[in-house]
Amino acid sequence: MTVGKFITFEGGEGAGKTTQAQLLCKSLETAGVETLLTREPGGTFGAEAIRNLVLEGTADRWSGMTELLLMYAARLDHVEKLIKPALSRGVWVISDRFADSSLAYQGYARGLGPERVQSLHNAVMDNFEPDLTILFDIDPILAQKRVETRGEDMSRFDSESINFHNSLRAAFLKISNENDHRFFNVDAASSRDGVQTRILFALSQKYPELAGKLGSSA
Ligand code: TYD
């Protein structure tokens, strides 16, 4: 049976993940790889409904644990109905965020503790994990400026204090260090082309069969 690869993009707000995920899909398609671009929370009809619940309203709408359970309810639907079926068809799935976001946001930055998040993960997902995770690392002050410049709607997460974003950044770097078999860190402060080049480099290191086929796309 052909099996696709599961690649996730992680990092704080305003790091440029979404644009780069689109660019990577184009590059893979050019190399003849069928891809599916998705996101979390969301990706399926049910999970998108949970996304609206979780992202709307004020920061204190949900307790940390409720938020975590909502994220995992959405994630299970996403994995069962979209991600695993696509992988088993040989499709490469690129997800803008996945379980490392729960560990970083709910486990570390919101203080639930990494062990509780990990045990929920194990209970719900067994040992399902991405084949490759690209971490977009950037100074939160710079990231915040980018979000403002883009004139985007500030979701309740974007209005968190700078301390929150600093602890989030440290959490992602720790998670990356502890899972270096699948993580590749990218300096998200560099130019769009620079970041794209690093991502394509990571892909051709991990999957030598793609080397030379992954031209960058505008
Ligand atoms: P989104 O607007 O998609 O942000 P971004 O473009 O930065 O990915 O909002 C998703 C928000 O949900 C983001 O603030 C991170 C948060 N989140 C969690 O707190 N836990 C999770 O498990 C996931 C997947 C996301």
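These legends describe close-up views of a predicted model of a protein chain with a ligand.

Local features need pLDDT of at least 70 and side-chain atom pairs count only at pLDDT 80 or more, whereas totals for chains, interfaces and linings use all residues. Residues are numbered from 1 along each chain as its sequence is written, and side-chain values use heavy atoms, with hydrogens and water left out.

**View 1. The protein chain as a whole.** The chain holds 8 helices and 5 strands. Helices (H or I, at least four residues) and strands (E, at least two) are DSSP runs, numbered from the N terminus. Their order from the N terminus is β-α-β-α-α-β-α-α-β-α-α-β-α. The C-alpha trace spans about 50 × 40 × 30 Å along its principal axes. The radius of gyration is 17 Å, which agrees with the value near 17 Å for a compact globule of 218 residues. That radius is taken over C-alpha atoms, and the globule rule is 2.2 Å times the number of residues to the power 0.38.

**View 2. Surface and contacts of the chain.** Of the 218 residues, 50% are buried. Buried means under 20% relative accessible area, exposed over 50%, and partly exposed in between (1.4 Å probe, protein chains only). Among contacts (heavy atoms within 4.5 Å) between residues at least 6 apart in sequence, 77% join residues at least 24 apart.

View 3. Helices α2 (45-55), α3 (64-88) and α4 (99-109) each give two or more residues to the shell. Helix α4 gives the most, with 4 residues. Of the 14 residues around the ligand, Glu13, Lys17, Arg97, Ser102 and Gln106 come nearest. A residue is near if one of its heavy atoms lies within 4 Å of the molecule. The shell divides into 5 nonpolar, 3 polar and 6 charged residues. Ala, Val, Leu, Ile, Met, Phe, Trp, Tyr, Cys and Pro count as nonpolar, Asp, Glu, Lys and Arg as charged, and the others, Gly among them, as polar.

**View 4. Ser101 in helix α4****.** Ser101 counts as buried because its relative accessibility is 7%. Beyond its neighbours within four places in sequence, Ser101 is in contact with Glu10, Gln106 and Phe172.
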